[in-house]
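Hi,

Here is the structure I promised to pass on.

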Amino acid sequence: MKRRVLIVDDVADIRHMLRFMVEREGHVIVAEAANGVEAVEKYREHRPDVTIMDIDMPLMTGVEAAREIRDMGGSTRIVFCSGGYSKFETPPQELRSEGSTFLRKPFLPAQLYQALAA
């Protein structure tokens, strides 16, 4: 099933890599964001099916952005991504809703594809 995807990461090269991987699987990128503030704005504007969300970002973390998205009634599935030095081992319990996933960077493309297909 083709999904509408929002990519959120503060590193442009990571966003580019994720775009390549997601489009390769036939999904559509509706927007990209470089921080949590932009993520909330882009979510509000595009209402994606899936949001790929980095956790550690400037201005607003992915966890904070996910809380705001959930508070506005957002039901998007969130694929949280985090590097080895994140202060979050996993997203807080209240954000681990049905369909949400946590991937530790670096992850295999197959892991991302599985998270998108769920």
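Before the notes, one term: two strands count as paired if DSSP finds at least two bridges between them. Also keep in mind that this is a predicted model.

Strand β1 covers residues 4–8 and strand β2 covers residues 28–33, and the two pair in the parallel sense over 5 bridges. In general, strands of a sheet pair through backbone hydrogen bonds, either parallel or antiparallel. Between β1 and β2 in our model sits helix α1 (residues 12–24), and β1, α1 and β2 together make a right-handed β-α-β unit.

Now zoom out to the sheet. What is the order of its strands? It runs β2-β1-β3-β4-β5, an open sheet of 5 strands with parallel pairing. The edges are β2 and β5 (101–104), each of which pairs on one side only. From one strand to the next, the twist averages 20°.

α2 touches β1, β2 and β3, and its direction makes about 145° with that of β2. α3 touches β3 and β4, with its direction at about 150° to that of β3.

Next, the inside. As a rule, in soluble globular proteins, nonpolar side chains tend to be buried together. Here the largest nonpolar core has 17 residues, and V8, A39, M53, A65 and F80 touch the most other members. β1, β2, α2 (36–46), α3 (62–71) and β4 (77–82) each supply at least two residues of this core. The largest share is 4 residues, and it comes from α3. There is also a second, separate core of 16 residues, including V5, I29, L103 and L112.

Not counting residues up to four places away in sequence, M53 touches V8, A39, G62, A65, A66, I69, I78, V79, F80 and C81.

Last one: is T51 buried or exposed? T51 belongs to strand β3 (residues 50–54). Its relative accessible area is 0%, and buried means under 20%, so T51 is buried. If you leave aside neighbours within four places in sequence, T51 is in contact with L6, V8, Y43, T76, R77, I78 and V79.

Cheers

Methods
Residues are numbered from 1 along each chain as its sequence is written. This is a predicted model: local features need pLDDT of at least 70, side-chain atom pairs count only at pLDDT 80 or more; totals for chains, interfaces and linings use all residues. Side-chain values use heavy atoms; hydrogens and water are left out. Buried means under 20% relative accessible area, exposed over 50%, partly exposed in between (1.4 Å probe, protein chains only). Contact means heavy atoms within 4.5 Å. A crossover is right-handed if, with the strands pointing away from the viewer, the path from the first strand over the helix to the second runs clockwise. A nonpolar core is a set of buried Ala, Val, Leu, Ile, Met, Phe, Trp, Tyr and Cys residues joined through side-chain atoms within 4.5 Å. Axes are lines fitted to C-alpha atoms, for helices over the stretch in contact, and angles run from 0 to 180 degrees between N-to-C directions.
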